[in-house]
Amino acid sequence: MKPTKGTHSECVPFSMNSMLHTHWIRTSFLFLTTLLCIGGDKYPHPIDTKVLEEWRAGEVVEEKAVIAYGIDKCFTASPIPDHVWQRMQGKTYKENPHIGRDELRHIRTLHWDYDNRIHIGEMICNEVIADRLVEIFRKLYEAKYPIQRMVLPDVYNADDETQMRANNSSCFCYRVVSGSKKLSKHARGLAVDINTFYNPYYKVRSDGTRYVQPSNAAKYCDRTKSFPYKIDHHDLAYKLFKERGFVWGGDWKSVKDYQHFEYME
Ligand SMILES: [Zn+2]
């Protein structure tokens, strides 16, 4: 029926119906969205902790996975597992009369990088310093102290120059002191190198030229400048190592080794 002019008796209710209808759709949509969000929290997808169970060093992991897995299991020192020992043969470990598997420990640790990501780390060290290292790395983790990479040097075929260029942090490697026949403290797992690219080793040769390791890190020999991962006397790693009986290579006079912390027996 055509509405009578002036009354709009049928037009008004129709318009209100339409508004109510739209409102109902909106409300229902909001209600459903809220329900889905709550449901999402209440029934979350299972958190994947496989990467932690397998301890794949070098991989990034989410904080909720760390919590689900258990933080205490992420900071441990234990005898070297068989699969790790196999990886070390002919690389960081060579048959020798000075140190054997029994005296070495496998450290598991987490560490943050500059981009606020958590990495899985591992290290081989002497049993004498194993508990100290676990304590130091846990404190560094809690303080979100940035360490870029902590994988075994075996990943780089135990080549020191290559792992330093990758800014890798490590401890045990059976080798002599660079440019000598003397066994390095790393050969007994009693020295730790941290953020190696930004904290190079250098010495001035007798002809006045400078020998730098890694060789492409010369600009980080200037310690008056500020840059990421720099270790100095205000640095937390420096303080933690120092408190636990380590000396810092940055304090040496004849050479400088800014990445190096060595345990004094
Ligand atoms: Zn070192």
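Here's a quick tour of this structure, from the model's confidence to its sheets, helices and a couple of loop residues. Keep in mind that you're looking at a predicted model. The protein chain has an average pLDDT of 88, and 83% of the residues score at least 70. One part to look for is an open sheet of four strands, with helix 5 lying across strand 2, strand 3 and strand 4.

**How confident is the model?**

- Averaged over the protein chain, pLDDT comes to 88, but over residues 1–14 it is below 50. In the model, that stretch makes four contacts beyond its near neighbours in sequence.
- Residues 33–40 also have a pLDDT below 50, and here the number of contacts beyond near neighbours in sequence is zero.

- Going across the open sheet, you meet the strands in the order 1-4-3-2, and the pairing is antiparallel.
- Strand 1 (60–61) and strand 2 (76–78) are the edge strands, each pairing on one side only.
- Inside this sheet, strand 3 (residues 104–112) and strand 4 (residues 118–126) run antiparallel and are joined by nine bridges.
- Helix 5 (residues 127–142) lies across strand 2, strand 3 and strand 4, and runs at about 5° to strand 3.

**Strand 6 and its partners**

- Strand 6 (residues 201–204) runs antiparallel to strand 7 (residues 210–213), with four bridges joining the two. Look for Tyr202, which stands opposite Val212 in strand 7.
- Strand 6 and strand 7 form a hairpin with five residues between the strands, and in that hairpin Gly208 takes a positive phi near 90°.
- Strand 6 is also joined to strand 9 (residues 255–257), this time by three bridges, and again the two run antiparallel. Here Tyr201 has Asp257 as its bridge partner in strand 9.

**Helix 7 and its buried side**

- Which residues of helix 7 (residues 236–243) are buried? They are Ala237, Leu240 and Phe241.
- These residues sit on the same side of helix 7 because they cover an arc of only 95° around the axis.
- The buried residues of helix 7 pack against helix 5, strand 8 (246–248) and strand 10 (260–263).
- After helix 7 comes Gly245, with a positive phi near 90°.

**Two loop residues to look up**

- Lys253 sits in the loop between strand 8 and strand 9. Is Lys253 buried or exposed? Lys253 counts as exposed, because it has 5 C-beta neighbours inside 10 Å, and the cut-off for exposed is 12 or fewer.
- Along the sequence, Lys253 and Lys203 are 50 residues apart, yet in space they are 9.6 Å apart, C-alpha to C-alpha.
- Val176 belongs to the loop between helix 6 (160–165) and strand 5 (191–193). With 12 other C-beta atoms within 10 Å, Val176 is exposed too.
- Leaving out residues up to four places away in sequence, Val176 touches Lys181, Lys182, Leu183 and Ser184.
- Val176 and Ala187 are eleven residues apart along the chain, and their C-alpha atoms are separated by 7.2 Å.

Notes: Residues are numbered from 1 along each chain as its sequence is written. This is a predicted model: local features need pLDDT of at least 70, side-chain atom pairs count only at pLDDT 80 or more; totals for chains, interfaces and linings use all residues. Two strands pair if DSSP finds at least two bridges between them. Two residues are in contact if their C-beta atoms, placed from the backbone, lie within 7 Å. Axes are lines fitted to C-alpha atoms, for helices over the stretch in contact, and angles run from 0 to 180 degrees between N-to-C directions. pLDDT is the predictor's confidence in each residue, from 0 to 100. A residue is buried if 20 or more other C-beta atoms lie within 10 Å of its own, exposed if 12 or fewer, and partly exposed in between; C-beta atoms are placed from the backbone. The arc is that of the directions from the helix axis to the C-beta atoms.
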